Structures are given as structure tokens and as C-alpha cells.
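Here's a quick tour of a protein with a ligand inside its model. Take a look at the picture first, and then we'll walk through it.

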Amino acid sequence: GQPLVFDFSYESNMSRREIENTVSQLLEVEGWNRRAIDPFHLHFCNLQPDGPYHQELIKRYSAEVWDRLLVTNTERHYVELFPKEQLVYLTADSPNVLHSFDHSKIYIIGALVDRSIQPGLSLANAKRLKLATARLPLDEFLHWEIGAKNLTLDQMIRIMLSIKMTGKWEEALTFVPERKHDGLHQQQTKPLRTNTTTRGFTS
Ligand code: SAM
């Protein structure tokens, strides 16, 4: 299957509590992916052995279940595992919009939660590594109320599984919770052109 990377390089940016939340979301991620018709090959990269993420993962899964998961866990960096040209870092702060899903790309998602909102953290990381970046086309498809456009990890996997299968953002973005936005944009129906030019009466 197509690889999908989760980047575990944010240990020092999170509290214990935030790491626990991240791991809870990752258990959901693994579950949605496992049940999908066409799952991704998940790669958990930059996972430090016995580091806080790893300890929390082991605590939540029994060691034997953990070993049987269809997830590749590695302390290696994704830039060592995959060609750089293939990598695209997904981040809400990217100036680029992900217009269409590319089956030959390897998308990266930051394994972090955003309680103490740290804007631009994953964008800065991607820039430092000189990787391509993209944000989901949320503004293009959804009516937003004011608020953060950062989605949770379980929302991200459901969107990515859906766009991979259907190629349709209208379907994939139904996994954005509705309280975050105000509905999908209506299909733009162009009003029939009526001739509004005022003409002088002809007598
Ligand atoms: N402030 C954090 C940051 O710097 O990325 C937000 C983390 S967000 C809760 C978790 C991850 O989900 C992000 O690192 C990103 O990979 C992905 N993500 C969330 N919303 C996204 C969006 N609108 N577009 C692209 N990726 C998004």
C-alpha cells in the first residue's frame, strides 16, 4: 500500500498530557486505517525507543498487539527512508493547497495535538527539511466560522482514506466536524444571463 508517514519529532513540544492525547488519537488512526478497504501503509517515523511517545504507545497497546499492528515503527527519519521529491508535508499553515490527491506521493502528518496552539510548528519543520508542503482545501470547500483550521489526527486519516478512494473533496471533507464550519459551499449555479441593458424605447 501507499505509505503515509506520521512524524514523531514533536516530543519536546508537548506536555505529558498532550502526548497522551496524541496517542489516543493515533489508536483511532490505526483503527480507521485497519478497517479501510484500501488502507495506507502507516509509518511512525522518528519514534525514539523508550521515549515518552513510545512508552505511552506500549502502555495503551499490549506488547504483543503492538508488534502485530500493520504499522512500521522506526526511529529513522522519513527523509532517510523515502526520496525527498516524493514527500509532501501536510500542514494547515502551508501557502499551497492540496488540490488533488497524488497516489505517487508520500504525505506526512505531524503526530501532535494543539492544546497550546503552536502555529507554524510543522511548517517550520518542513521548511527546514526543504520539503514540499500543502494544506487541505478547507477554505475552498467549506464555509468557515472564525477559528482554527487544524484538524485532529483521526479526522486527518479519515479524510486521507476517503480522498484516496474517491478523489472527491466533497466526500472526504464530510469528516471535518460540522461545528467547525457552516456547511459545504453550494454548487455555484451561475445565474442565467439576463440582459439588463436598458434600451431606449423605439417608437
Ligand atoms: N500547530 C500544529 C502544527 O504546527 O502543525 C497543528 C497540529 S495538527 C493538530 C496535527 C497535524 O495534522 C499537523 O501537523 C498536520 O500534519 C495535520 N493537519 C491538521 N490540519 C491540517 C490542515 N488543515 N491541512 C493540512 N494538514 C493538517
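Of the 20 residues around the ligand, which come nearest? They are Leu90, Gly110, Gln118, Ser122 and Leu151, where being around the ligand takes a heavy atom within 4 Å of it.

Before going on, note that this is a predicted model, where local features need pLDDT of at least 70, side-chain atom pairs count only at pLDDT 80 or more, and totals for chains, interfaces and linings use all residues. Numbering runs from 1 along each chain as its sequence is written, and side-chain values use heavy atoms, with hydrogens and water left out.

The shell around the ligand splits into 11 nonpolar, 6 polar and 3 charged residues; here Asp, Glu, Lys and Arg are charged, Ala, Val, Leu, Ile, Met, Phe, Trp, Tyr, Cys and Pro are nonpolar, and the others, Gly among them, are polar.

Now for the polar contacts, meaning pairs of N or O atoms within 3.5 Å:

| Residue | Part of residue | Ligand atom | Distance |
|---|---|---|---|
| Gly110 | polar backbone atom | oxygen | 3.0 Å |
| Ser122 | side-chain N or O atom | oxygen | 2.5 Å |
| Leu136 | backbone N or O atom | nitrogen | 3.1 Å |

On its own, the ligand has 560 Å² of accessible area, and the protein covers 98% of that (Shrake-Rupley method, 1.4 Å probe).

Terms used
Polar contact = N/O pair within 3.5 Å; in protein donor to acceptor, adjacent residues only side chain to side chain.
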